[in-house]
Amino acid sequence: MNPTMIQFFHWYSEGDSKLWKEAEKQAKFLSSLGITSVWLPPAYKGNSGGYSVGYDVYDLYDLGEFNQKGSISTKYGTKNEYIKAIKALKKHHIEIIVDIVLGHKAGGDELEKFKAVKVDENNREKMISDITEIESYTKFTFPGRNKKYSDFEWNFTCFSGVDYAEGMESHIFKIQSEYGNDWEEMIDDEKGNYDYLMYNDIEHRNPFVREELNHWAKWYFDQTDFDGVRLDALKHISFDFYKEWLTMLRSNSEKNIFAVGEYWAPGHLHLLQKYIEVTEGCMSLFDSSLQNNFYNASKEGGSYDLRRIFEGSLTEADPMHSVSLVDNHDTQPLQDLEAPVEAWFKPIAYALILLRKDGYPCIFYPDLYGAHYIDKDSAGNDQEIFLSKVEGIEELLQARKNHAYGEQRDYFEDANCLGWIRTGDEEHPGCAVVLSNKDAYNKPMEMGKDYAGKKCKDLLKRFKDVVVIDENGWGNFPVPAGNVSVWIPE
């Protein structure tokens, strides 16, 4: 079966401990659509307890088991509910991809005094103060867990920087410690050095930290038997660390754990390729450049040349390491990296990642289920957002599951209308796909002589008439204006 991932959450996923229960309930339905893996949100306790989306990590060992940060449950449920959801998904042959956040920690339990220097927020290599003693919440003792699973306590030597100093205005402070008075090496010079992202930035050069994070990874695997990892914020973490960490995880679990990383650099394919090179291909990356192309195409409408849609994308340059997507929790409306693909273009974008041979597609929870939420916009005003389920998403998933196999023949000669054929294989009949970002079209394409005389129907039910394949294996396949059609043999 063609692999297909779903991000089974969004930034505003409903709280009140419901998501794990919903995942358990939805397992059979997801399997019927051809979903083969589910990316679940960070499952550990965040600094904001039961309200935490999961990226403000407090205790990696608390999967909704201990009374910490004001709750036992995480936003998504308890540890028992999490394990039940994983078992239900696995029962339906769906692999589990867990969200790994190892760049920072938040919500320390005690203040510590140490030496640090203030740096320029726009150029972290530039010091703007003398070395001075500050006090910050860098001591993590996890009293609510009381040393269960691990007795490791974090202190200031486990971090390279903080953004809080007692009695001072918030700023970025570079910690001066035995493990380094400078930042860790990154592959790009954005902001001088973009090692620091938020909260208490983890010092991966500390060997005790590395040992603890390797120990935790094995513990987490033993608890959940996950199949893959989604690695958060790679731009801000030592590439050497994750290369070592994944090697240890795969060795300790005796399993070829799949890994996909988030290195968000829209329009900068060279950075994605450089990251894959320096990590020796040990992980895939989300194709942020292709997502950006989808966003631009949806904004520009009929003036966008669809023949350029894969230009500068990882899916085109290195499909073996590409996880393609249309939107995610960072690009959705009201987020910092907001770049949502317009609703009219989403069926086209999903056809482009689901029904072609390259890339590992990931669909987004609101695109399958819809979403409704309220948050503040950049001006501080409340905004109510309604995200509708993508038209035809279930049919497009079924087409991937049942028809998107075999040779791919492209018909990309028109700037506003693309088409391609998947010829199928011994077990799966093929399909013809046509999409337009402007007018209605009829696209002549060759299905192959094996299909001669056969009738093809519109899977998305936008056309009642069938297309008859002629004696030479050709058909004339229509598509509505600004839409997509998928034709399959009757």
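Reader: Which residues are buried in α2?
Author: This is a predicted model, in which local features need pLDDT of at least 70, side-chain atom pairs count only at pLDDT 80 or more, and totals for chains, interfaces and linings use all residues. Residues are numbered from 1 along each chain as its sequence is written, and side-chain values use heavy atoms, with hydrogens and water left out. In α2, the buried residues are K79, E81, Y82, I83, A85, I86, A88 and L89. Buried means under 20% relative accessible area, exposed over 50%, and partly exposed in between, with a 1.4 Å probe and protein chains only. Helices (H or I, at least four residues) and strands (E, at least two) are DSSP runs, numbered from the N terminus.

Reader: What covers the buried residues of α2?
Author: The cover includes α1, β2, β5 (95-100) and α3 (207-224). Contact here means heavy atoms within 4.5 Å.

Reader: And what about α1: which of its residues are buried?
Author: They are L19, W20, A23, Q26, A27 and L30. Among the elements that cover them are β1 (5-7), β2 (37-39), α2 (79-91) and α9 (365-369).

Reader: Where does α1 bend?
Author: α1 bends by about 50° at Q26. The bend at a residue is the angle between axes fitted to the seven residues ending there and the seven starting there.

Reader: How far apart are the end C-alpha atoms of α1?
Author: They are 20 Å apart, which agrees with the 20 Å that 14 residues (19-32) should span at 1.5 Å a residue. The expected span is 1.5 Å times one less than the number of residues.

Reader: Which residue takes a positive phi just after α1?
Author: That is G34, with a phi of about 95°. Just after α2, H93 takes a positive phi of about 65°.

Reader: Changing topic, what is the order of the strands in the open sheet of 6 strands?
Author: The order is β20-β21-β22-β27-β24-β25, with antiparallel pairing. The edge strands, β20 (408-414) and β25 (467-468), each pair on one side only. Two strands pair if DSSP finds at least two bridges between them.

Reader: Which helix lies across β21, β22 and β27?
Author: Helix α8 (residues 346-354) does, running at about 140° to β22. Axes are lines fitted to C-alpha atoms, for helices over the stretch in contact, and angles run from 0 to 180 degrees between N-to-C directions.

Reader: Finally, which strand does β23 pair with over 6 bridges?
Author: β23 pairs with β26 (residues 474-479) in the antiparallel sense. In β26, G475 is the bridge partner of M445.
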